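Here is a short briefing to read alongside the structure. Have the viewer open and follow along as the topics come up.

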Amino acid sequence: MDPNVRPDSMERINTPELAQAFIDEQVGAIREQVGDGKVLLALSGGVDSSVVAALIDRAIGENLICVHVNHGLMRKGESEQVIAMFQNQMDANLVYVDATDRFLNLLDGVDEPEKKRKIIGAEFIRVFEEEARKVGDEVDFLAQGTIYPDIVESDGVKAHHNVGGLPDDLQFDLVEPVKLLYKDEVREVGRALGLPEGMVERQPFPGPGLGVRCLGAITRDRLEALREADAILREEFAEAGLAGKVWQYFVVVPDMRATGVRDGVRAYEWPAIIRAVNTVDAMTAEVPEIEWPVLKRITDRILAEVPGICRVTYDLTPKPIGTIEWE
């Protein structure tokens, strides 16, 4: 049986009882795989890696070392929130690495999405290898929040940084306890583990971060415009009561310009594309109807507050044909 293929007989985890049974099974499996070894966990702060952190912590305790890498492609305030949650509130064994310049320099001039993902995935591993050497004792295991849609999409659609984006010379054995679960099942397991609801319901954020939302070759000025526009979108969705009703929402800024008029003068600036979807398992997705006043308020704020953006559009494409992310 292929360990990366979900068996047809696998029961859907949709109750607290099934979630608890899964937890018990995985805690045992992690202990058997890892033994007395140490595990580095790639902790983004999203629900997938957070659930994996809680599972492995329950299995091996202090032998888990969480590493949060700021690759310069995080949302506004993201790394600060991760540190506050895991280090200050949960007292996790957390290492913070600011690798912004390192990643952005490697990505300079790279416009092909798959190449960007592979660069990001490979450099993540290099960072983890360096952190493993700092631990002192040899670290043989790398844990990831890989879930089943990552594996499915990496087979011919796009290489996720934690699947097809891994380097061939990987020096770690992987620990991926939720890799056969869909996103809704991961959330169910998170609740059973006692994670805060705000963490369990946190909307997905890809490992390559804003690198796959700053379309084409990434530039620092366009990346900053994207970060600010995305923050406005999240603020306004929260204000409108949509944060818990829309599964995922974000802004995309492509590597192209459009003509506009700002203060009576021609402006040749970037468009911002709003993407919002509702889904259960991330395999299919529909686009919600957002009330016009909300979209208009978001548009007005982005155009007024974000330098370099002169147009705002709303993406109406369902999945399939479109994937949830643009790259």
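Glu327 lies in the segment after β9. This is a predicted model, so please read the values below as computed from it.

**Around Glu327**
- Glu327 counts as buried because its relative accessibility is 11%, and the cut-off for buried is under 20%.
- The Glu327 side chain makes a polar contact of 2.8 Å with the side chain of Lys116.
- Glu327 and Glu114 are 213 residues apart along the chain, yet 8.1 Å separates their C-alpha atoms.

**Helix α9**
- Spanning residues 220-239, α9 has 20 residues and reaches 29 Å from its first C-alpha to its last, close to the expected 28 Å.
- Buried residues of α9 include Arg222, Arg227, Asp230 and Glu236, along with Ala229, Ile232 and Phe237.
- Among the elements covering the buried residues of α9 are α4 (100-107), β6 (248-252) and α10 (292-305).
- Just after α9, Gly241 has a positive phi of about 75 degrees.

**Nonpolar cores**
- The largest nonpolar core has 50 residues, and Leu40, Val69, Leu73, Phe128, Phe237, Ile302 and Ile309 touch the most other members.
- Elements that give two or more residues to this core include β2 (64-70), α5 (113-135), α9 and β9.
- Which residues does Ile302 touch, not counting those up to four places away in sequence? They are Ala229, Ile232, Ala272, Ile309 and Val312.
- A second, separate core of 36 residues includes Ile23, Val51, Ala53 and Val189.
- In soluble globular proteins, nonpolar side chains tend to be buried together.

Methods: Residues are numbered from 1 along each chain as its sequence is written. This is a predicted model: local features need pLDDT of at least 70, side-chain atom pairs count only at pLDDT 80 or more; totals for chains, interfaces and linings use all residues. Side-chain values use heavy atoms; hydrogens and water are left out. Helices (H or I, at least four residues) and strands (E, at least two) are DSSP runs, numbered from the N terminus. The expected span of a helix is 1.5 Å times one less than its number of residues. Buried means under 20% relative accessible area, exposed over 50%, partly exposed in between (1.4 Å probe, protein chains only). Contact means heavy atoms within 4.5 Å. A polar contact is a pair of N or O atoms within 3.5 Å; within protein, one must be able to donate a hydrogen and the other to accept it, and residues adjacent in sequence count only if both atoms are side-chain atoms. A nonpolar core is a set of buried Ala, Val, Leu, Ile, Met, Phe, Trp, Tyr and Cys residues joined through side-chain atoms within 4.5 Å.
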